[in-house]
Amino acid sequence: MQSTARVLTLLEILQSGGMKTIAELAEQLGVDSRTVRRYVEHLRDLDIPVDSVRGRYGGYRLAPGYRMPPLMLTDEEALAVIWALLVADRSGSGPVSETAIQNAAAKVRRVVPALLGRRIEAVLAVVDFTSARESVRPVANEGDSGRGRGLFDLSEAARDRRPVSFDYTPRFGPQERREVHPYGVVAHRGLLYLSGLDVAKQVTRTFRLDRISGIRQLDGVFSSSSQREPFRPVLGPLPPDPSRVEVSVLVQADAERVWNHIPRVFASVTPLPDFRAEEVWVRVFLRVERLEWVAGRLAVMDRPFIIEHPPELAAAVQALAHRLVVASTTTPNGSAVPTPSTCADESSA
(Lines give C-alpha, C1' and ligand atoms only; values in the text may rest on other atoms or scores of the structure.)
Protein backbone atom coordinates (compact mmCIF):
# COMPACT_ATOMS: atom_id res chain seq x y z
CA MET A 1 0.00 0.00 0.00
CA GLN A 2 1.36 3.42 -0.97
CA SER A 3 1.91 6.02 1.75
CA THR A 4 -0.92 8.26 0.44
CA ALA A 5 -3.37 5.38 0.70
CA ARG A 6 -2.18 4.69 4.24
CA VAL A 7 -2.72 8.34 5.22
CA LEU A 8 -6.30 8.14 3.93
CA THR A 9 -6.77 4.85 5.76
CA LEU A 10 -5.53 6.53 8.96
CA LEU A 11 -8.12 9.28 8.47
CA GLU A 12 -10.86 6.67 8.00
CA ILE A 13 -9.80 4.90 11.22
CA LEU A 14 -9.85 8.15 13.20
CA GLN A 15 -13.28 9.03 11.77
CA SER A 16 -14.70 5.89 13.39
CA GLY A 17 -14.50 7.81 16.69
CA GLY A 18 -12.70 7.54 19.97
CA MET A 19 -9.02 7.60 20.80
CA LYS A 20 -6.69 5.19 19.03
CA THR A 21 -3.31 4.30 20.53
CA ILE A 22 -0.20 4.52 18.41
CA ALA A 23 0.26 0.76 18.75
CA GLU A 24 -3.26 0.11 17.45
CA LEU A 25 -2.76 2.43 14.50
CA ALA A 26 0.61 0.95 13.65
CA GLU A 27 -0.84 -2.56 13.65
CA GLN A 28 -3.82 -1.64 11.47
CA LEU A 29 -1.68 0.28 8.98
CA GLY A 30 1.17 -2.22 8.96
CA VAL A 31 3.85 0.37 9.78
CA ASP A 32 5.97 1.36 12.79
CA SER A 33 5.18 4.04 15.39
CA ARG A 34 7.42 6.65 13.79
CA THR A 35 5.58 6.30 10.48
CA VAL A 36 2.23 6.71 12.25
CA ARG A 37 3.44 10.03 13.67
CA ARG A 38 4.55 11.12 10.21
CA TYR A 39 1.14 10.28 8.74
CA VAL A 40 -0.55 12.29 11.50
CA GLU A 41 1.57 15.28 10.51
CA HIS A 42 0.43 14.82 6.90
CA LEU A 43 -3.18 15.08 8.06
CA ARG A 44 -2.43 18.19 10.10
CA ASP A 45 -0.78 19.75 7.04
CA LEU A 46 -4.16 19.28 5.33
CA ASP A 47 -5.83 21.28 8.16
CA ILE A 48 -7.45 18.17 9.64
CA PRO A 49 -7.37 18.67 13.43
CA VAL A 50 -5.85 15.54 14.96
CA ASP A 51 -5.46 15.82 18.75
CA SER A 52 -2.64 14.09 20.64
CA VAL A 53 -3.45 12.27 23.86
CA ARG A 54 -0.37 12.08 26.08
CA GLY A 55 0.56 9.38 28.54
CA ARG A 56 1.68 5.77 28.53
CA TYR A 57 -1.38 4.71 26.58
CA GLY A 58 -1.66 7.92 24.59
CA GLY A 59 -2.59 8.16 20.96
CA TYR A 60 -4.60 10.27 18.54
CA ARG A 61 -8.18 11.30 17.88
CA LEU A 62 -10.01 13.79 15.71
CA ALA A 63 -10.89 17.06 17.44
CA PRO A 64 -14.35 16.88 19.09
CA GLY A 65 -17.09 18.26 16.83
CA TYR A 66 -14.95 18.06 13.72
CA ARG A 67 -16.84 16.96 10.60
CA MET A 68 -15.18 15.90 7.40
CA PRO A 69 -16.24 17.65 4.21
CA PRO A 70 -16.89 15.90 1.90
CA LEU A 71 -18.58 12.82 3.32
CA MET A 72 -16.19 9.86 3.21
CA LEU A 73 -17.85 6.46 3.13
CA THR A 74 -16.57 3.03 2.17
CA ASP A 75 -18.69 1.03 -0.29
CA GLU A 76 -20.07 -1.02 2.60
CA GLU A 77 -20.92 2.06 4.68
CA ALA A 78 -22.67 3.72 1.73
CA LEU A 79 -24.66 0.53 1.11
CA ALA A 80 -25.66 0.43 4.79
CA VAL A 81 -26.96 4.01 4.65
CA ILE A 82 -28.86 3.51 1.39
CA TRP A 83 -30.30 0.20 2.58
CA ALA A 84 -31.63 1.81 5.75
CA LEU A 85 -33.27 4.53 3.66
CA LEU A 86 -34.67 1.94 1.25
CA VAL A 87 -36.24 -0.09 4.08
CA ALA A 88 -37.67 3.06 5.67
CA ASP A 89 -39.20 4.06 2.33
CA ARG A 90 -40.72 0.61 1.65
CA SER A 91 -42.06 0.05 5.16
CA GLY A 92 -43.52 3.52 5.71
CA SER A 93 -42.69 3.09 9.40
CA GLY A 94 -40.02 5.77 9.68
CA PRO A 95 -40.46 9.03 11.59
CA VAL A 96 -39.98 11.21 8.49
CA SER A 97 -41.76 11.78 5.20
CA GLU A 98 -41.09 10.00 1.92
CA THR A 99 -39.71 13.28 0.51
CA ALA A 100 -37.12 13.50 3.30
CA ILE A 101 -36.02 9.92 2.63
CA GLN A 102 -35.66 10.56 -1.10
CA ASN A 103 -33.72 13.79 -0.49
CA ALA A 104 -31.35 12.03 1.91
CA ALA A 105 -30.71 9.25 -0.61
CA ALA A 106 -30.04 11.81 -3.34
CA LYS A 107 -27.50 13.63 -1.14
CA VAL A 108 -25.65 10.40 -0.38
CA ARG A 109 -25.46 9.61 -4.09
CA ARG A 110 -24.08 13.09 -4.83
CA VAL A 111 -21.24 13.01 -2.32
CA VAL A 112 -19.92 9.49 -2.95
CA PRO A 113 -17.53 8.78 -5.88
CA ALA A 114 -19.15 8.46 -9.31
CA LEU A 115 -18.54 4.72 -9.62
CA LEU A 116 -20.05 3.99 -6.19
CA GLY A 117 -22.95 6.29 -7.04
CA ARG A 118 -23.76 4.23 -10.13
CA ARG A 119 -23.66 1.03 -8.07
CA ILE A 120 -26.05 2.53 -5.53
CA GLU A 121 -28.38 3.55 -8.37
CA ALA A 122 -28.42 -0.09 -9.50
CA VAL A 123 -29.44 -1.30 -6.03
CA LEU A 124 -32.24 1.25 -5.82
CA ALA A 125 -33.48 0.31 -9.31
CA VAL A 126 -33.31 -3.48 -8.94
CA VAL A 127 -34.07 -4.49 -5.32
CA ASP A 128 -37.70 -5.25 -4.50
CA PHE A 129 -39.50 -6.35 -1.32
CA THR A 130 -42.18 -9.03 -0.98
CA SER A 131 -43.66 -7.25 2.04
CA ALA A 132 -43.99 -3.59 2.98
CA ARG A 133 -42.78 -4.48 6.47
CA GLU A 134 -39.71 -6.38 5.27
CA SER A 135 -36.36 -5.63 6.87
CA VAL A 136 -33.26 -7.41 5.57
CA ARG A 137 -29.55 -6.97 6.16
CA PRO A 138 -27.73 -7.26 2.82
CA VAL A 139 -24.56 -8.36 4.67
CA ALA A 140 -25.42 -11.10 7.13
CA ASN A 141 -22.13 -11.51 8.97
CA GLU A 142 -20.15 -8.79 10.70
CA GLY A 143 -17.03 -7.98 8.70
CA ASP A 144 -18.06 -10.06 5.65
CA SER A 145 -17.89 -7.44 2.90
CA GLY A 146 -18.13 -10.03 0.12
CA ARG A 147 -21.92 -10.16 0.31
CA GLY A 148 -22.22 -6.42 -0.02
CA ARG A 149 -20.08 -6.50 -3.14
CA GLY A 150 -22.18 -9.39 -4.41
CA LEU A 151 -25.35 -7.32 -4.05
CA PHE A 152 -23.71 -4.48 -6.00
CA ASP A 153 -22.47 -6.81 -8.76
CA LEU A 154 -25.78 -8.62 -9.23
CA SER A 155 -27.83 -5.41 -9.10
CA GLU A 156 -25.69 -3.86 -11.84
CA ALA A 157 -25.97 -7.00 -13.97
CA ALA A 158 -29.78 -7.06 -13.60
CA ARG A 159 -30.05 -3.36 -14.43
CA ASP A 160 -27.83 -3.65 -17.52
CA ARG A 161 -29.25 -7.06 -18.60
CA ARG A 162 -25.82 -8.67 -18.45
CA PRO A 163 -25.52 -12.45 -17.95
CA VAL A 164 -23.45 -13.62 -14.99
CA SER A 165 -21.89 -16.83 -13.75
CA PHE A 166 -21.24 -17.76 -10.12
CA ASP A 167 -20.61 -20.67 -7.77
CA TYR A 168 -23.79 -21.69 -5.95
CA THR A 169 -24.05 -23.94 -2.90
CA PRO A 170 -27.58 -25.42 -2.71
CA ARG A 171 -29.14 -26.65 0.50
CA PHE A 172 -28.47 -30.21 -0.59
CA GLY A 173 -25.72 -31.31 -2.93
CA PRO A 174 -22.32 -30.02 -4.01
CA GLN A 175 -21.40 -26.53 -5.15
CA GLU A 176 -22.07 -25.89 -8.84
CA ARG A 177 -21.16 -23.23 -11.38
CA ARG A 178 -24.30 -21.53 -12.72
CA GLU A 179 -24.87 -19.19 -15.66
CA VAL A 180 -27.86 -16.91 -15.08
CA HIS A 181 -29.74 -14.05 -16.72
CA PRO A 182 -30.50 -11.95 -13.59
CA TYR A 183 -33.95 -10.35 -13.43
CA GLY A 184 -33.70 -8.70 -10.00
CA VAL A 185 -32.97 -9.03 -6.29
CA VAL A 186 -35.80 -9.62 -3.82
CA ALA A 187 -35.83 -9.18 -0.05
CA HIS A 188 -38.02 -11.81 1.59
CA ARG A 189 -38.36 -13.01 5.21
CA GLY A 190 -34.91 -11.92 6.33
CA LEU A 191 -33.01 -13.09 3.23
CA LEU A 192 -32.02 -11.79 -0.20
CA TYR A 193 -32.76 -13.77 -3.36
CA LEU A 194 -31.57 -13.37 -6.94
CA SER A 195 -34.33 -14.17 -9.43
CA GLY A 196 -33.24 -15.10 -12.94
CA LEU A 197 -33.14 -17.55 -15.82
CA ASP A 198 -30.92 -20.59 -15.28
CA VAL A 199 -29.39 -20.76 -18.77
CA ALA A 200 -28.43 -24.45 -18.63
CA LYS A 201 -31.93 -25.61 -17.59
CA GLN A 202 -33.89 -22.80 -19.28
CA VAL A 203 -36.11 -22.28 -16.24
CA THR A 204 -36.58 -19.33 -13.89
CA ARG A 205 -34.97 -19.98 -10.52
CA THR A 206 -34.19 -18.17 -7.28
CA PHE A 207 -30.77 -18.17 -5.63
CA ARG A 208 -29.99 -17.08 -2.08
CA LEU A 209 -27.33 -14.38 -2.12
CA ASP A 210 -25.57 -15.79 0.94
CA ARG A 211 -24.93 -19.00 -1.03
CA ILE A 212 -23.44 -17.21 -4.07
CA SER A 213 -19.71 -16.66 -4.55
CA GLY A 214 -17.25 -16.03 -7.37
CA ILE A 215 -19.54 -13.72 -9.36
CA ARG A 216 -18.30 -13.01 -12.89
CA GLN A 217 -20.04 -10.80 -15.46
CA LEU A 218 -20.21 -12.40 -18.92
CA ASP A 219 -20.09 -10.82 -22.36
CA GLY A 220 -23.21 -9.71 -24.18
CA VAL A 221 -26.70 -8.78 -23.02
CA PHE A 222 -29.94 -10.73 -22.81
CA SER A 223 -33.26 -9.57 -24.22
CA SER A 224 -35.31 -7.27 -22.01
CA SER A 225 -38.47 -9.00 -23.27
CA SER A 226 -37.38 -12.15 -21.39
CA GLN A 227 -37.44 -10.40 -18.02
CA ARG A 228 -40.15 -11.31 -15.51
CA GLU A 229 -41.33 -9.74 -12.28
CA PRO A 230 -38.47 -10.74 -9.95
CA PHE A 231 -40.64 -11.27 -6.87
CA ARG A 232 -43.00 -13.79 -8.51
CA PRO A 233 -40.67 -16.82 -8.24
CA VAL A 234 -39.75 -15.81 -4.69
CA LEU A 235 -43.37 -15.84 -3.58
CA GLY A 236 -43.93 -19.26 -5.07
CA PRO A 237 -44.72 -21.66 -6.34
CA LEU A 238 -41.41 -22.71 -7.84
CA PRO A 239 -41.42 -22.68 -11.67
CA PRO A 240 -42.22 -25.83 -13.68
CA ASP A 241 -39.36 -28.29 -13.94
CA PRO A 242 -39.20 -31.92 -15.10
CA SER A 243 -37.80 -32.90 -11.70
CA ARG A 244 -40.73 -31.37 -9.79
CA VAL A 245 -44.21 -32.74 -9.06
CA GLU A 246 -47.23 -30.42 -8.94
CA VAL A 247 -49.17 -30.72 -5.68
CA SER A 248 -52.55 -29.27 -4.75
CA VAL A 249 -53.96 -29.67 -1.24
CA LEU A 250 -56.96 -28.10 0.50
CA VAL A 251 -56.15 -27.17 4.10
CA GLN A 252 -58.48 -26.00 6.87
CA ALA A 253 -56.34 -23.05 7.95
CA ASP A 254 -55.59 -19.46 7.04
CA ALA A 255 -52.69 -18.38 4.81
CA GLU A 256 -50.45 -17.26 7.68
CA ARG A 257 -50.64 -20.65 9.39
CA VAL A 258 -49.72 -22.37 6.12
CA TRP A 259 -46.78 -20.02 5.52
CA ASN A 260 -45.53 -20.63 9.05
CA HIS A 261 -44.84 -24.22 7.96
CA ILE A 262 -44.34 -23.94 4.17
CA PRO A 263 -42.11 -21.06 2.97
CA ARG A 264 -43.73 -18.71 0.49
CA VAL A 265 -40.95 -19.43 -1.96
CA PHE A 266 -42.40 -22.95 -2.33
CA ALA A 267 -46.16 -22.43 -2.35
CA SER A 268 -49.04 -20.24 -3.40
CA VAL A 269 -52.04 -20.05 -1.06
CA THR A 270 -55.52 -19.19 -2.36
CA PRO A 271 -58.50 -18.62 -0.01
CA LEU A 272 -61.63 -20.70 -0.71
CA PRO A 273 -64.53 -18.61 0.65
CA ASP A 274 -67.16 -20.74 -1.13
CA PHE A 275 -65.83 -24.08 0.17
CA ARG A 276 -67.48 -25.04 3.45
CA ALA A 277 -68.35 -21.43 4.16
CA GLU A 278 -68.60 -21.98 7.92
CA GLU A 279 -64.87 -22.84 8.03
CA VAL A 280 -61.68 -21.23 6.70
CA TRP A 281 -60.10 -23.30 3.92
CA VAL A 282 -57.30 -22.51 1.47
CA ARG A 283 -55.84 -24.24 -1.57
CA VAL A 284 -52.06 -24.77 -1.32
CA PHE A 285 -50.27 -25.29 -4.62
CA LEU A 286 -46.61 -26.38 -4.79
CA ARG A 287 -44.03 -27.83 -7.16
CA VAL A 288 -41.70 -30.09 -5.22
CA GLU A 289 -39.08 -32.75 -5.82
CA ARG A 290 -40.04 -34.95 -2.84
CA LEU A 291 -43.61 -35.77 -1.83
CA GLU A 292 -42.28 -37.01 1.53
CA TRP A 293 -41.38 -33.40 2.37
CA VAL A 294 -44.98 -32.27 1.74
CA ALA A 295 -46.29 -35.11 3.92
CA GLY A 296 -44.04 -33.95 6.77
CA ARG A 297 -45.17 -30.34 6.41
CA LEU A 298 -48.85 -31.36 6.52
CA ALA A 299 -48.23 -33.42 9.65
CA VAL A 300 -46.48 -30.55 11.43
CA MET A 301 -49.24 -28.14 10.40
CA ASP A 302 -51.70 -30.36 12.31
CA ARG A 303 -54.82 -29.20 10.43
CA PRO A 304 -57.44 -31.15 8.44
CA PHE A 305 -56.52 -31.42 4.75
CA ILE A 306 -57.81 -32.91 1.50
CA ILE A 307 -55.40 -34.06 -1.23
CA GLU A 308 -56.51 -32.98 -4.71
CA HIS A 309 -53.47 -34.32 -6.58
CA PRO A 310 -51.28 -36.24 -7.08
CA PRO A 311 -52.58 -39.57 -5.71
CA GLU A 312 -49.02 -40.52 -4.78
CA LEU A 313 -49.10 -37.91 -2.01
CA ALA A 314 -51.69 -39.99 -0.14
CA ALA A 315 -49.27 -42.92 -0.17
CA ALA A 316 -46.48 -40.68 1.15
CA VAL A 317 -48.73 -39.48 4.00
CA GLN A 318 -49.73 -43.05 4.89
CA ALA A 319 -46.09 -44.16 4.83
CA LEU A 320 -45.17 -41.33 7.20
CA ALA A 321 -48.05 -42.27 9.52
CA HIS A 322 -46.87 -45.88 9.58
CA ARG A 323 -43.30 -44.84 10.44
CA LEU A 324 -44.59 -42.68 13.29
CA VAL A 325 -46.73 -45.49 14.67
CA VAL A 326 -43.82 -47.95 14.52
CA ALA A 327 -41.48 -45.45 16.18
CA SER A 328 -43.98 -44.68 18.95
CA THR A 329 -44.58 -48.36 19.75
CA THR A 330 -40.95 -49.48 19.97
CA THR A 331 -38.77 -49.29 23.10
CA PRO A 332 -34.97 -48.78 23.07
CA ASN A 333 -34.41 -52.53 23.55
CA GLY A 334 -36.57 -53.33 20.53
CA SER A 335 -39.66 -54.65 22.29
CA ALA A 336 -43.14 -53.36 21.56
CA VAL A 337 -44.74 -50.70 23.75
CA PRO A 338 -48.17 -51.83 25.04
CA THR A 339 -50.98 -50.02 23.25
CA PRO A 340 -53.94 -48.52 25.19
CA SER A 341 -56.17 -51.42 24.11
CA THR A 342 -53.59 -53.96 25.34
CA CYS A 343 -53.36 -52.25 28.75
CA ALA A 344 -57.15 -52.31 29.07
CA ASP A 345 -57.28 -56.03 28.29
CA GLU A 346 -54.59 -56.82 30.87
CA SER A 347 -56.33 -54.78 33.63
CA SER A 348 -59.65 -56.56 33.03
CA ALA A 349 -57.96 -59.92 33.12
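**Cores, sheets and a buried serine in a predicted model**

The largest nonpolar core has 33 residues, and those with the most contacts inside it are Trp83, Val127, Leu151, Phe166, Val185 and Leu194. A nonpolar core is a set of buried Ala, Val, Leu, Ile, Met, Phe, Trp, Tyr and Cys residues joined through side-chain atoms within 4.5 Å. Buried means under 20% relative accessible area, exposed over 50%, and partly exposed in between (1.4 Å probe, protein chains only). Two or more residues come from each of α4 (75-91), α5 (98-111), α6 (114-126), β4 (127-129), α7 (146-160), β5, β6 (176-188) and β7 (191-198). Helix α4 gives the most, with seven residues. A second, separate core holds 21 residues, including Val247, Leu286, Leu291 and Leu298. In soluble globular proteins, nonpolar side chains tend to be buried together.

The model is predicted; local features need pLDDT of at least 70, side-chain atom pairs count only at pLDDT 80 or more, and totals for chains, interfaces and linings use all residues. Residues are numbered from 1 along each chain as its sequence is written, and side-chain values use heavy atoms, with hydrogens and water left out.

The chain has twelve helices and 13 strands. Helices (H or I, at least four residues) and strands (E, at least two) are DSSP runs, numbered from the N terminus. Of the 349 residues, 38% count as buried. The chain exposes about 20,000 Å², and carbon and sulfur atoms supply 52% of this area. Accessible areas come from the Shrake-Rupley method with a 1.4 Å probe; for residues, only the protein chains shown count as cover. Contact means heavy atoms within 4.5 Å. Among contacts with a separation of 6 or more, 64% join residues 24 or more positions apart.

Two strands pair if DSSP finds at least two bridges between them. Five bridges join β11 to β12 (residues 282-288). Val269 stands opposite Val284 in β12. Axes are lines fitted to C-alpha atoms, for helices over the stretch in contact, and angles run from 0 to 180 degrees between N-to-C directions.

Another open sheet has three strands in the order β1-β3-β2, again with antiparallel pairing. Its edge strands are β1 (20-21) and β2 (50-53), and each pairs on one side only. Four bridges join β2 to β3 (residues 59-62). Asp51 has Arg61 in β3 as its bridge partner. Helix α3 (residues 33-45) lies across β2 and β3, running at about 145 degrees to β2.

Ser165 lies in strand β5 (residues 164-168). This serine is buried, with a relative accessible area of 5%. Its side chain makes a polar contact with the side chain of Arg177 (3.0 Å). A polar contact is a pair of N or O atoms within 3.5 Å; within protein, one must be able to donate a hydrogen and the other to accept it, and residues adjacent in sequence count only if both atoms are side-chain atoms. Not counting residues up to four places away in sequence, Ser165 touches Arg177, Arg178, Glu179, Gly214, Ile215, Arg216 and Leu218.
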